[in-house]
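Here are a couple of exercises to work through with the model open. Try each task before you read its solution.

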Amino acid sequence: MGMARGDRIILHVDMNAFFAAVEQQANPALRGKPVLVYGNPDRRGVIATASYEARKYGVRAGMSTWEARQRCPHGIYIEGNPAKYIDVSLRLLVIYRSFTPLVEPFSIDEAFLDVTGCTGLFGEPAGIARAIKALMREETGLTCSIGIAPNKLLAKMASSLQKPDGLVSLWAEDVPQVLWPLPVGKLYGVGEKTEQHLVAMGITTIGDLAAAPIPLLRARFGVVGEALRNMARGIASSPVDPQSALTVKSMGHEITLPEDSDNPEYLRRIILQLADQVARRLRADHYQGKTVTLKIRYHDFRTITRARTVQTYLDLAEDLYRLGWELFSEHWTPWQKIRLVGLTVSNLTNTAHLYQPTLFDPRERLKVLTAAVDGIRDKYGEGAVTRARLLLGPPPAKGVPPGKEAPPGGANNCRERR
Ligand code: TTP
Ligand code: MG
C-alpha cells in the first residue's frame, strides 16, 4: 500500500445515522426499524436524521417532517434530545483518546485521530480502525464509518465513501482513480455556491478542478482558487489539533424578532442590544476581535451575512454597535421586513494561556461540551442549543471506569492492545 516514510496516518470517524442510532440503542424496540429524529423546539418541522432503514424510503436529513411522513408513514418519529447526543459524543471522545492523545473533535459525531505513532502497537492502520470500531460497538453499541489517509481532507473524503460501518483507505496515489470522477460538489469544502460557479466554468468533476489552470481559478476565486485546486489533488496539510474545538473562533448572538419588523429605530436598538451582549461575552472570556459580521434574515427567509474587518482588536459594545450599524445601513433593503438579526465577532485573540485538556477534568469536560454544543447549533438550530445548555447543567460527576484512564501525556502514547 501507498505509505511513504514521513507520511502521517489520519483517521476520520463519522458515526452512522448518529441521532437515530443513539435512539435505537436506548430503546431496543426501535432497532431495525425506520426511525426519524426531528429537531426541537423550533425545528420540529425538519428531519435531523433518518436511520438507514428509513433512508430506503427516500427520507433525508433536512427534509420536512411533513414530506417524510408522506414517504415513510409507518416510520417512528422521535423528537431529538441534544443533551443525550452530547453525552454519547463525549463517551466516544474518551474511547478515541484511549488510542491516541491526538484527537480533534470535528462535530457532534465526527473526529480526526492522528495514529501515526500507534502502528507499533496495532500494526497496520486498518487494524487500529477495526480496534476502534470493536471497542465502540462494545461500549456504545454504535457503528461508524472510518476513513484512513495521509491527511485530514482525504480521511474525511474516505469516510464518506462507505456507509454504514465503512472502512476505506485513501492514499495519495488513489486520488485520481477514486476522487477525480466524482462531482465537484462532493469535494469537502465546496459548498453549493462554489459548486454553481465551478459548474458554470465547465468544471464539473473533482478531476476537472484538479486540472484547471491556476490563473482561471485565481481570476474567479482569488487566493481560494489555488487552495481549491490543491484540495482536488488531495493536498492538505493542517495537522490534527486536539485544541481545535476548544479554541473559540467566534462569538456571536442572534435574535429572532417577536414580530417581523422594518422599523429602523427598533432594528437599531436590537443591534445595540446584540452588540452589548456579544461584547460582554468577549470580555468575560478575555477575547477581542477584529471582524464583525452582521446577519439579516428577511421575513421570506432570505438571509444575508456581511462582514467588516478593522485594524484594531475590539471588545466594546460601542465599537461592535458602530460597525454592526454601518453594515446594517449599507446592506438592509429598506421596507423589507426582517425576521432575525445576528451579530458575530471573529478573528479573535485571547491572552489566556492554553493548556493540555483532559476530559476527566470537569472544567475541560465543560469546554468540550460547549464546543460540541456550538457544533450542534450549526447543524441543529439555535433553539436546540439554548435548550441543551439548560438541560445539561454541570457536567456529571461520573467516575472513570478502571483501565480507562487517559494515557499519559506525549504525542505518541497509544492504547495497549486489549
Ligand atoms: P451526519 O454525520 O451528517 O449524518 P448522520 O450521522 O445522521 O448519518 P451518516 O451515517 O450519513 O453520517 O450528521 C450527524 C448528526 O447531526 C445527525 O445524526 C443529526 C445531526 N444533523 C442535524 O441535526 N441536521 C442536519 O441537517 C444534519 C445533516 C445532521
Ligand atoms: Mg454521521
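**Exercise 1.** What spacing do the donors of the magnesium ion (ligand 2) follow along the chain?

This is a predicted model, where local features need pLDDT of at least 70, side-chain atom pairs count only at pLDDT 80 or more, and totals for chains, interfaces and linings use all residues. Residues are numbered from 1 along each chain as written, chains are lettered from A and ligands numbered from 1 in written order, and side-chain values use heavy atoms, leaving out hydrogens and water.

*Solution.* 
- Start with the ligands: Asp14 (OD), Met15 (O) and Asp109 (OD) coordinate the magnesium ion (ligand 2) at 2.1 to 2.2 Å. Donors here are N, O and S atoms within 2.8 Å of the metal (3.2 Å for Na, K and Ca).
- Now read off the pattern: it's D-M-x93-D.
- Met15 sits in strand E1 (residues 10-15) and Asp109 in the loop between strand E5 (103-107) and strand E6 (110-114), so the pair ties together parts 94 residues apart in sequence. Strands are DSSP runs of at least two E residues, and helices are H or I runs of at least four.

**Exercise 2.** Work out how helices H11 and H12 cross.

*Solution.* 
- The axes of H11 (residues 214-221) and H12 (residues 223-232) come within 6 Å and cross at roughly 130°. Axes are lines fitted to C-alpha atoms over the stretch in contact, with angles from 0 to 180 degrees between N-to-C directions.
- H11 and H12 are therefore oblique to each other (under 35 degrees is roughly parallel, over 145 roughly antiparallel, 65 to 115 roughly perpendicular, the rest oblique).
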